[in-house]
Amino acid sequence: MASTILQRKGAGEDAVVIVGAGIAGLAVALGLHRKGVKCTVLESSPELRASGFAIATWRNALQALDALGVGDKIRKCHLHLQELHVFSSSTGEMAHATSLNEQGKRCRGPNEMLCVRRDWLLRALEEELPEGTIRYSSKIVEIEEDGDAKILHLADGAILRAKVVIGCDGVNSVVAKWLGLAKPSYSGRLATRGLACYPGGHGFDPKFKMFFGHGFRLGVIPCNDTDVYWFFTWSPSEHDDDALAKKKQFVLTKLRSAEIPAEVMEVVERSEAKDVLTAPLRFRPPLSLLLASISKGNVCVAGDALHPMTPDLGQGGCAALEDGVVLARCLGDAILGGGGGGAESERIEAGLREYARIRRWRSAELIGTAYVVGFMQESSNAVISFLRDNWLAGALVRKLLKMADYDCGKL
């Protein structure tokens with residue numbers, strides 16, 4: 001087999017190979033680079049992909065970006081959101097308002113939130129990596145073991161040998177499947193996301209507006225002075241077969257049946273068809289994650305490959321950045337000898353176990369909380385709607401802030 005191994009600088013037996021150049025993959029790569037550990041990132045696409053348009057970037061994510069050295073770079077090109085307003089879709093009345101700058105309970109300093117364009121985030125991370133770190137059009141199809149090393153077979157016939165494999169390859173992760181993690185479950189809900197562009201400026205205040213009830217959940221968030229991100233989640237019925245084909249029109253029809261302000265409707269109407277995507281929402285059952293092998297030897301997973309979740313906390317991308325910092329710290333220290341004595345392979349295995357220990361409960365909590373919050377926000381049940389509109393709206397918002405009040409630490 002040795003004669004068939006593709007010999008490449010940075011992709012030999014001594015390589016750390018990261019599968020996937022999404023948020024988690026690039027965060028891990030940058031964290032390792034900051035620690036002085038070389039790695040290779042395999043991306044199946046011919047270029048960086050930025051599906052989803054934008055992500056809610058809460059305080060915990062910004063602290064992770066600060067640890068990676070790109071926090072201020074991101075802050076400079078996005079609006080700092082000041083308030084979160086929650087409205088009832090059934091009555092149009094505001095159910096709750098809260099400041100996004102209040103002091104956190106677990107972390108020092110005030111809360112902080114941006115809505116970050118996904119493509120800008122990926123580019124900011126990629127620009128900090130050494131040239132040639134990312135290998136595009138490189139899709140893994142099989143993983144084999146060869147002693148302490150892993151042999152990675154790619155779709156183009158290439159074969160790579162690695163001492164560490166980190167799966168950041170999304171919800172359909174090949175690496176997660178190899179580890180034996182449970183297949184993500186369909187939540188019974190869909191999400192449509194879009195981006196509206198206002199070349200002359202949108203004029204919206206720096207506020208996150210969210211509408212729930214009436215069977216759906218809608219959010220509108222300005223990213224910067226010209227871009228506004230929106231999302232719409234709902235549980236499809238047997239009569240919603242055209243939702244995927246008529247994405248924007250379907251959303252507008254739903255919104256017209258509720259009490260949604262004209263300026264919010266206009267955001268959806270302004271979005272170009274190419275800037276609107278609909279996808280099913282999937283999650284990994286949290287109980288299965290508590291019992292699963294997040295790491296096995298010198299293989300582990302991060303990001304959506306680890307904790308696919310519904311978007312109701314806005315924590316999917318944030319958690320991926322947390323993963324990146326924690327994994328880079330644990331693995332970097334192990335490779336550099338900071339994790340104690342013993343052979344390098346033993347230190348690596350111990351470092352990945354420590355990463356799994358830290359991230360297991362946090363991931364399960366985020367997945368489970370997001371699922372419950374989504375159910376409460378979307379429900380059109382009369383009792384739940386009454387409780388939510390009159391008492392629970394504030395509790396749900398506080399849960400969002402509590403989940404963001406988390407510090408993943410430094411590299």
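1. Axes here are lines fitted to C-alpha atoms, for helices over the stretch in contact, and angles run from 0 to 180 degrees between N-to-C directions. The structure is a predicted model. In it, helix H2 (residues 59–68) packs against helix H9 (residues 316–335) at an angle of about 35°, and their axes lie 8 Å apart. The crossing of H2 and H9 is left-handed. On the H2 side the contact is made by Asn 60, Ala 61, Ala 64, Leu 65, Ala 67 and Leu 68; on the H9 side, by Cys 318, Leu 321, Glu 322 and Val 325.

2. Helix H1 covers residues 23–35, which makes 13 residues. From its first C-alpha to its last H1 reaches 18 Å, close to the 18 Å expected at 1.5 Å a residue. Eleven of those 13 residues are buried, so H1 is largely enclosed by the rest of the structure. Among the buried residues are Ile 23, Leu 26, Val 28, Leu 30 and Leu 32, and also Lys 35. Gly 36 follows H1 and has a positive phi, near 90°.

3. Seven strands form an open sheet with mixed pairing, in the order E5-E4-E13-E14-E15-E12-E16. The edges are strand E5 (94–99) and strand E16 (276–283); each has a single partner strand, so one side of each is left without a neighbour in the sheet. From one strand to the next the twist averages 15°.

4. One of the paired positions is Glu 83, whose bridge partner in E5 is Ser 99. Helix H6 (residues 247–256) packs on the sheet. H6 touches strand E12 (185–197), strand E14 (216–222), strand E15 (227–234) and E16, and its direction makes about 75° with that of E15.

5. With a cut-off of 2.5 Å between the sulfur atoms, the count comes to zero disulfides. The sulfur of Cys 115 has its closest cysteine sulfur in Cys 223, 3.6 Å away, which is too far for a bond. Cys 115 is buried, at 0% relative accessibility. For Cys 39 the closest cysteine sulfur is that of Cys 168, at 9.9 Å, also too far for a bond. Cys 39 counts as buried, its relative accessible area being 11%.

Terms used. Residues numbered from 1 in each chain as written. Predicted model: local features only at pLDDT ≥ 70, side-chain atom pairs only at ≥ 80, totals over all residues. Heavy atoms only, no water. Helix = DSSP H or I, 4+ residues; strand = E, 2+ residues; numbered from the N terminus. Expected span 1.5 Å × (residues − 1). Buried < 20%, exposed > 50% of the residue type's maximum accessible area, 1.4 Å probe, protein only. Pairing = 2+ DSSP bridges. Contact = heavy atoms within 4.5 Å. Left-handed = near helix turned anticlockwise from the far one by under 90°.
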